[in-house]
Every structure is written in structure tokens, then in C-alpha cells.
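Here's a quick tour of the model for anyone who likes to know the cut-offs behind the words. Have the viewer open while you read.

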Amino acid sequence: MPTAVAAARPDASAAPESVPHCPVAVLIGPPNSGKTTLFNRLTGLRQKVANYPGVTVEKHIGRARLASGRELDVIDLPGVHGFASHSPDAKITYDVLDGRIGGLPLPEAIIVIVDATRLNTHLMLLEPVLQRTIPTLLVLNMVDAFEAGGGQLDDDALAAKFGVEVVRTNARAGRGIRAVAEYLDRQAGQDADPSAQKPKGPRPRPPLPTVDALTRRQEKLRRTLAAARYRTAGPSRMTRRLDALFLHRFLGPAIFVGIAALVFQAIFTWAAPVMDAIEAVIASSGEWTAARMPSGWFRDMLTEGVWNGVGAVLVFLPQILILTLFLGILEGSGYMARAAVIADRMMMRVGLPGRALLPLLSAYACAIPAILSARTIADERDRLAAMFVAPFMTCSARLPVYALLIAAFIPERPLLGPFLGTQAATLLGLYLLGIAAATGTTFLIKRTLLRGPTSGFVLELPPYRVPLLRTLLLRLADRSRIFVRRVGKVILTVTIVLWTLAQFPRVDGATPPVEESALGRIGQVIEPVIEPLGFDWKIGVGLVSSLAAREVIVGTLGTIYGIDNSDESSVELRAALRRDLDYGSAVGLLIFFVFALQCMSTVAMMRRETAGWKWPAIQFGYMLALGYFGALAANQLL
């Protein structure tokens with residue numbers, strides 16, 4: 001990292017809002033401009049994520065320690081192309097710039113970062129920012145691609161036309177970061193000057209531009225770039241060749257399916273050795289702990305309940321990280337935007353713009369960030385439709401359930417040699433079933449509850465790039481942290497509650513048979529409702545517990561069956577399931593988890609995003625009905 005920006009102090013993770021005197025700078029730019037990469041370079045730490053007061057839009061904020069020793073809070077604003085949009089991201093962006101967010105002062109400086117190869121569109125963002133009369137730095141990023149393609153630009157002429165300082169950067173390689181940090185250092189110094197007169201309170205907001213104003217602004221930008229002798233090369237030969245392949249009418253979708261098949265095969269094959277190692281560590285550590293503790297209920301709860309229940313879920317972390325890694329590679333390479341273009345041809349037929357593909361793809365990690373990222377869709381009907389169907393995408397929490405049942409009921413045989421086996425093909429089929437449900441549901445609700453025209457789809461295709469290893473590692477670390485936190489809070493709590501319910505009521509101090517315990521009695525109340533699906537009370541308890549987190553069902557079944565070290569590779573747990581489920585009911589259970597909304601966190605997020613219970617209630621009831629009748633059909637037909 002350049003010497004102008006030192007790494008953040010150990011206590012930099014503390015909420016920046018706790019130091020109100022610290023000056024604030026905001027980082028604004030279009031999507032795919034390298035904004036977050038620059039943010040990471042400046043702050044020296046990953047984003048601290050929170051929500052803006054009163055809304056669910058996320059706030060990414062970090063502390064930069066500058067060469068002078070001064071400190072400054074940097075806010076990474078959502079990526080926007082301009083202020084004409086009515087999307088929540090655009091609204092929060094100009095609320096921050098105007099000082100209308102509680103707990104955040106007016107920024108001391110604004111950094112506008114743009115892709116140097118796309119100034120004819122990205123600079124549309126600069127003029128409305130300059131209307132705020134806040135010191136502004138224009139950062140021309142990705143100059144490596146711009147200069148390699150023979151691009152030309154008179155930086156001084158551009159700076160004079162707009163009245164701002166201009167810096168060239170390559171944020172990926174660290175070029176130009178020192179100059180950006182020095183600019184921020186100067187602004188932080190002015191904030192420390194008691195004689196400087198600074199406005200207080202929110203600024204008057206400039207009106208949203210009309211169509212005529214946007215047209216005039218484009219014409220002015222064209223003249224400005226001409227005066228600055230701006231010239232850039234078109235797409236490289238490699239880009240044209242790759243786009244001809246990936247965007248081909250027939251080859252493009254086939255390549256996408258092939259990539260998906262590779263991902264699913266990797267989830268089963270690559271993760272297996274690491275999962276076995278984690279399982280062995282959990283088993284040996286549990287035995288070591290049990291041998292050194294006095295016998296009693298606390299040792300039993302710790303080893304049989306907590307250790308086995310939490311361990312049964314932790315073992316799936318490698319599969320989740322493999323999925324996260326592939327998604328990061330596809331997004332960082334620029335392929336994901338091409339996938340959105342391919343999908344637009346089909347998605348428009350069911351009522352969604354291609355832009356909705358990006359939130360839906362993020363749902364493969366978790367539906368909650370997918371629902372949040374849908375706020376980039378400006379049209380309210382399209383946004384609601386995308387949020388409604390996002391939980392149909394197979395999130396990583398379903399993987400433990402799928403892996404357990406597939407391993408128990410689907411024998412592994414090669415289908416396409418070493419490239420695709422029956423288990424991976426089954427997993428792929430479950431993903432495709434979720435996509436089919438999302439497609440059909442979108443078609444239905446866009447012609448009933450959310451009737452209206454589909455908004456247009458405009459998406460800039462980013463250049464193809466080799467994904468940054470550092471970015472991928474940070475993404476994996478963040479996903480691991482989220483998963484472990486989920487295990488440590490939700491799953492640990494549920495595991496302890498389930499174990500306790502299985503231990504009582506005791507007779508003469510003895511643990512009751514599980515079917516006579518409080519847990520068993522709860523399951524027997526549920527059993528008549530799920531019996532037509534081929535499920536017994538044990539599966540019923542698992543379904544109820546999985547409302548807290550889908551993957552909890554694995555540990556729940558291990559607790560009910562009294563199996564130590566239960567996970568998807570547990571031979572004992574598979575054998576127990578084969579005794580209680582036939583093939584039809586096992587397929588039914590898989591289908592139930594494809595369709596049903598077994599995640600109260602997602603329900604809560606829908607309530608917050610839609611400001612009421614109407615849409616979450618409709619969504620939960622609809623998906624539960626699909627899951628129930630889908631499982632019923634499988635049990636009756638297979």
C-alpha cells in the first residue's frame with residue numbers, strides 16, 4: 001500500500017459515527033468503475049457494513065489514516081449512473097451528498113470515480129455532483145486499459161472545463177492512490193482549520209433533471225470531451241471474440257449451462273476432502289473434550305448437543321465457499337454481465353428485465369442480500385417481482401439438506417465421464433427446478449398482482465479482466481464470517497433448545513425415549529398434517545426447526561436419531577433416513593426445500609423492504625403451498 005495511506009488502526013472497526021468530529025469524504029461512481037477497489041485501497045480494511053437510519057440500504061464506511069496522521073471516514077456510496085433515477089440507491093446517494101442523513105455530517109470532499117474508457121457516459125454523473133459546491137476530485141480509473149488501447153485525453157483541459165482536480169488511477173494495481181490520499185489529506189486539514197467557514201445543516205437539493213435538461217447535459221459533455229481531445233479505442237480484439245462466443249444466440253446459453261454444471265460437480269468433488277478433514281477434527285475434538293469433563297447433563301449438552309449440532313453444519317462450509325468462489329470469479333471477470341444480457345431475452349418474456357438477473361444470481365449465496373440488491377431496479381413493480389421470486393434461487397443454506405438426501409438416496413454413477421455424475425446432475429436439477437418455479441411465478445404475478453409494462457434494460461458491459469485474488473479472498477472471508485456468525489447465533493441457539501426438549505420430561509432422573517420427550521410430542525402434533533407427504537414426526541420437527549435456518553434440519557435429525565457427529569456424510573444418519581423415508585418421500589422432501597420459504601430472516605427482510613406484512617405473508621403462504629403440494633405429488637407418483 002502506498003505510504004500516503006497507512007493501514008487502519010486495530011480499533012478502526014469501531015463505528016465511525018462514535019467520533020463525530022472526524023471529517024467525512026464520499027466515494028461516488030457508476031457500477032463497474034472500480035469504486036469499491038479504490039475504497040479498499042484508501043481505507044486498508046474491508047467495508048464496515050450497516051444500514052442507513054430508517055432504511056435498509058447498506059452503508060459501507062471505512063477509516064483512512066493519512067500521511068499527516070489525520071484520519072478521515074470514507075463512505076462508499078451505491079453505484080449509480082446519475083440522479084434521474086428514482087431507485088432507493090439513487091435517493092440515498094443524493095441524501096448523503098446533501099447532508100440529509102441523520103448521524104452523518106455534510107461531506108468535506110467528494111471523490112467521483114469513472115472508467116477512463118467510458119467518459120462519454122460516466123461523466124454524466126459529474127455535473128450534478130458539482131452543483132453541491134463541495135470540493136470534488138475526479139478520478140479517471142482503469143487508465144491501464146485506456147492507455148493500452150491508445151486512448152488520448154488532455155487532463156488539464158478536462159480539469160479546467162469542469163473546475164476540478166483530475167487524477168489518473170489504476171486502483172487494481174495501486175497506481176495513483178497516493179495522489180487521491182494527498183487530496184483527502186488537504187481537505188481533512190481544511191476541516192481542522194478553525195478559521196475556515198463551513199456550511200452547517202442540509203443543503204438545498206437541486207431539482208431532478210428533465211428530459212430536455214439531460215439532453216442539454218449530454219451535448220455539453222460531448223463538447224467538453226471534444227475540447228479535451230478525448231479519444232478511446234473500441235473493444236479489444238479479445239473482447240470482441242469472447243463476446244461473439246458468450247453472447248451468441250445458441251452457444252451463449254449452452255456455455256452458461258456448462259459453467260453451471262462445472263460448479264455443481266465441483267461442489268461435490270472438490271469439497272469432499274476438506275469436509276472429511278473438518279468432520280474428523282470435530283469428532284476428535286468432541287471426544288477429547290468429553291474425556292476431560294465430569295459426566296453429567298452439561299457434558300452431554302456440550303458434546304451431544306452443541307458439538308454435534310453445530311459441527312454437523314460447519315462441515316458444509318467448504319461447499320458454500322466453492323459456490324462463493326465461482327460466483328466471485330464470474331462477476332469479477334465480467335462474464336456475469338454477459339449472462340444478464342443472455343437472460344434478458346428470456347426474462348422479458350416472463351416480465352422481468354435482464355437487470356434483475358444480478359440480484360437473482362446473488363440469491364444463490366443468500367436471499368437476504370439478493371432482496372437488498374434488488375433496490376437497483378428502478379421500476380417498483382419489477383423490484384417487487386424480483387424480491388418475491390429471489391428465495392426460489394437455491395441459497396447456500398439448502399446445500400446441507402440437498403447433500404444429505406442426495407448422498408442417502410442417489411447412488412453415484414458417471415453420466416458424462418468424470419465431468420458429471422448422477423449426484424451432481426441431481427443437484428443441478430434441483431437448481432433448475434428453483435429457476436423454473438421463479439420463472440413461472442414471475443409470469444403469474446406480473447400478469448396479476450403486479451400487472452404493468454416491464455421496464456427497459458440498459459447495461460454497460462464491463463471489460464473482461466482477471467479477477468483480483470485479494471478481492472476473491474476478501475469475499476470468501478466475508479462469507480465465512482457470515483456463515484460462522486450464523487452458526488454461532490441462530491444454529492447454536494436452536495441446537496441447545498432442541499437438545500433440551502429431547503431430554504425432558506425426565507422420569508426418576510432418566511432421559512425419556514425421544515418419542516416421549518417434549519420434542520417428540522411437538523412432532524406428533526405436526527405429524528397428521530405432513531403424513532400425506534410421507535413424512536413422520538421426526539421430519540416434522542426438522543421442518544419446524546429449519547424455519548430458523550434451513551441447514552438446522554441436519555443437526556436436528558442427528559439429535560432425534562441420537563447419532564453422534566451427524567452430517568451429510570454420516571453413514572448412520574443416511575441409514576436412519578432410508579429406514580423412515582422411501583424414494584418418493586425423499587424426493588418430496590427435496591422438492592419441499594426447493595419451494596418452501598424456510599427462512600424467517602428472509603421474511604423479516606421482505607417486511608422491511610416492502611414496509612408491511614402484505615407481501616411477506618403472500619410470499620410465505622404461496623411458497624409453502626407450492627412446497628406442500630409438490631412434495632405430495634412426488635410422494636404419490638414416485
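This is a predicted model: local features need pLDDT of at least 70, side-chain atom pairs count only at pLDDT 80 or more; totals for chains, interfaces and linings use all residues.

## Ground rules

A residue is called buried under 20% relative accessible area, exposed over 50% and partly exposed in between, using a 1.4 Å probe and protein chains only.

Residues are numbered from 1 along each chain as its sequence is written, and side-chain values use heavy atoms, with hydrogens and water left out.

## The chain overall

The protein chain has 27 helices and eight strands. These are DSSP runs numbered from the N terminus: helices are H or I with at least four residues, strands are E with at least two. Of the 638 residues in the protein chain, 52% are buried.

Contact here means heavy atoms within 4.5 Å. Take the contacts between residues at least 6 apart in sequence, and 73% of them join residues at least 24 apart. The accessible surface of the chain comes to about 27,800 Å², with 62% of that belonging to carbon and sulfur atoms; areas come from the Shrake-Rupley method with a 1.4 Å probe, and for residues only the protein chains shown count as cover.

## Salt bridges

Side chains of opposite charge can pair when their charged atoms come close. The cut-off: a side-chain nitrogen of Lys or Arg within 4 Å of a carboxyl oxygen of Asp or Glu. The structure holds 18 salt bridges.

Arg63 takes part in two of the pairings described here. With Glu71, the closest N and O atoms are 3.1 Å apart. Arg63 is buried at 8% relative accessible area, and Glu71 is buried too, at 19%.

Further along, Asp580 pairs with Lys538, their closest N and O atoms being 3.3 Å apart. Asp580 sits in helix 24 (residues 571–580) and Lys538 in helix 22 (residues 537–545), so this bridge ties together parts 42 residues apart in sequence. Asp580 is partly exposed at 27% relative accessibility, whereas Lys538 is buried at 18%. Shared partners also join Glu147, Asp155, Arg168 and Arg175 into one salt-bridge network.

## A helix pair

How do helix 14 and helix 19 pack, and at what angle? Helix 14 (residues 335–350) meets helix 19 (residues 422–445) at about 45 degrees, with the axes 8 Å apart. Axes are lines fitted to C-alpha atoms, for helices over the stretch in contact, and angles run from 0 to 180 degrees between N-to-C directions. The two helices are therefore oblique to each other: under 35 degrees would be roughly parallel, over 145 roughly antiparallel, 65 to 115 roughly perpendicular, and the rest is oblique.

Helix 14 brings Met346, Arg349 and Val350 to the contact, and helix 19 brings Thr439, Thr442 and Phe443.

## Two positive phi values

Most residues other than glycine have a negative phi. Thr133 has a positive one, near 50 degrees; this residue is in the loop between helix 4 (126–130) and strand 7 (136–141) and is exposed at 58% relative accessibility.

Arg229 also has a positive phi, near 55 degrees. Arg229 is in the loop between helix 8 (211–227) and helix 9 (237–246), and counts as exposed at 54% relative accessibility.
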